[in-house]
Amino acid sequence: APQEDLLPPLNSAARYARVVSTDSLSNNIRPLGQLDESFIIATDNDGLLLIDQHVAHERVLFDKYRKLEAARLTESQQLLIPETFDLTPAQATVFDELAAELDLYGFETMRLSGRTVAIKATPADLPAGEARNMLSELLDAVDAEKKGSARETLRDEIAASLACHAAIKV
């Protein structure tokens, strides 16, 4: 008999697998190992868990940044040489709105002239070279209609973007 006939069909476990919300997880999670440097295999009281480690790390960092921002305990790392970049006109408008919020998360930025900005310090968790990409993406995301949104929404967007860029990569 061919080897394929001895293996169960790929969908044989489909009726047992389910997506679990983080709210329903117990505190009794026991890690067993890592799969393909991407997933954490663990167990809890209900069975086997397969956890995307990038998403999990991103969530841990998001909660950390929101907590630090509330307590004003953010750690920064000064750059030896400030990184400069030019903003688009739309980004320049949004930058003026977000500059004070970025400072709360550990960034130290400075408007040099016109649309040129220098990054002098970054949050300690943010890998080198990610600050410019993160700021550019964040400024693009916060468009004209969101400029008037609540500070809490802006802070969530900053924390989410920072967590995504700082989280371990798969």
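Modeller: Let us begin with the largest pocket: strand 3 supplies the largest share of its lining, namely six residues. Please keep in mind that the model is a predicted one.

Colleague: Which elements each supply at least two residues of that lining?

Modeller: They are strand 3, residues 47–52, and helix 1, residues 53–71. The pocket has a volume of about 730 Å³. It is lined by 21 residues, and those closest to its centre are Val20, Leu25, Leu49, Leu50 and Ile51.

Colleague: How is the lining of the largest pocket divided by class?

Modeller: The lining holds 13 nonpolar residues, five charged residues and three polar ones.

Colleague: Leucine 50 has come up already. Why does leucine 50 count as exposed?

Modeller: Exposed means a relative accessible area over 50%. Leucine 50 has 55% relative accessibility, and therefore it counts as exposed. This residue lies in strand 3.

Colleague: What makes the nonpolar surface patch?

Modeller: Leu35, Phe39 and Leu50 make the patch, which covers about 270 Å². A patch residue must have over 30% relative accessible area. Leucine 50, at 55%, passes that cut-off.

Colleague: How do you know that aspartate 63 and arginine 59 meet in a salt bridge?

Modeller: The rule asks for a side-chain nitrogen of Lys or Arg within 4 Å of a carboxyl oxygen of Asp or Glu. For the side chains of aspartate 63 and arginine 59 the N to O distance is 3.2 Å, so the pair qualifies as a salt bridge. The two residues are four apart in helix 1, which means that about one helical turn separates them. Aspartate 63 has a relative accessible area of 37% and is therefore partly exposed.

Colleague: What makes aspartate 96 and arginine 111 a salt bridge?

Modeller: Their side chains come to 2.6 Å, N to O, and the limit is 4 Å. Aspartate 96 belongs to helix 2 (residues 89–104) and arginine 111 to strand 5 (residues 108–113), so this pair ties together parts that are 15 residues apart in sequence.

Colleague: Are aspartate 96 and arginine 111 buried, partly exposed or exposed?

Modeller: Aspartate 96 is at 53% relative accessibility and so counts as exposed.

Colleague: What do the side chains of glutamate 108 and lysine 120 meet in?

Modeller: They meet in a salt bridge, with 3.4 Å from N to O. Glutamate 108 is in strand 5 and lysine 120 in strand 6 (residues 116–123), so the pair ties together parts 12 residues apart in sequence. Glutamate 108, at 29% relative accessibility, counts as partly exposed, and lysine 120, at 26%, counts as partly exposed too. By the salt-bridge rule the count comes to four.

Colleague: Why does glutamine 53 count as buried?

Modeller: Buried means under 20% relative accessible area. Glutamine 53 has 10% relative accessibility and therefore counts as buried. This residue lies in helix 1. From C-alpha to C-alpha, glutamine 53 is 5.3 Å from phenylalanine 39 in space, although the two are 14 residues apart in sequence.

Colleague: What makes the phi of aspartate 36 worth a remark?

Modeller: Phi of aspartate 36 is near 55°, a positive value in a residue other than glycine. Aspartate 36 is found in the loop between strand 1 (30–35) and strand 2 (39–44). Glutamate 37 has its place in the loop between strand 1 and strand 2, and its phi is positive as well, about 50°, although it is not a glycine.

Definitions and conventions: Residues are numbered from 1 along each chain as its sequence is written. This is a predicted model: local features need pLDDT of at least 70, side-chain atom pairs count only at pLDDT 80 or more; totals for chains, interfaces and linings use all residues. Side-chain values use heavy atoms; hydrogens and water are left out. On a 1 Å grid over the protein atoms alone, a cavity is a set of points where a 1.4 Å probe fits but cannot get out, and a pocket is an open set with protein on both sides within 12 Å along at least five of seven lines; lining residues have an atom within 4 Å of a point. Grid points are joined across faces, edges and corners, and a volume is the space filled by probe spheres set on the points. Ala, Val, Leu, Ile, Met, Phe, Trp, Tyr, Cys and Pro count as nonpolar, Asp, Glu, Lys and Arg as charged, and the others, Gly among them, as polar. Patches are made of residues with over 30% relative accessible area and no salt bridge: like charges are joined within 9 Å, nonpolar side chains (Val, Leu, Ile, Met, Phe, Trp, Tyr) within 5 Å. Accessible areas come from the Shrake-Rupley method with a 1.4 Å probe; for residues, only the protein chains shown count as cover. Buried means under 20% relative accessible area, exposed over 50%, partly exposed in between (1.4 Å probe, protein chains only).
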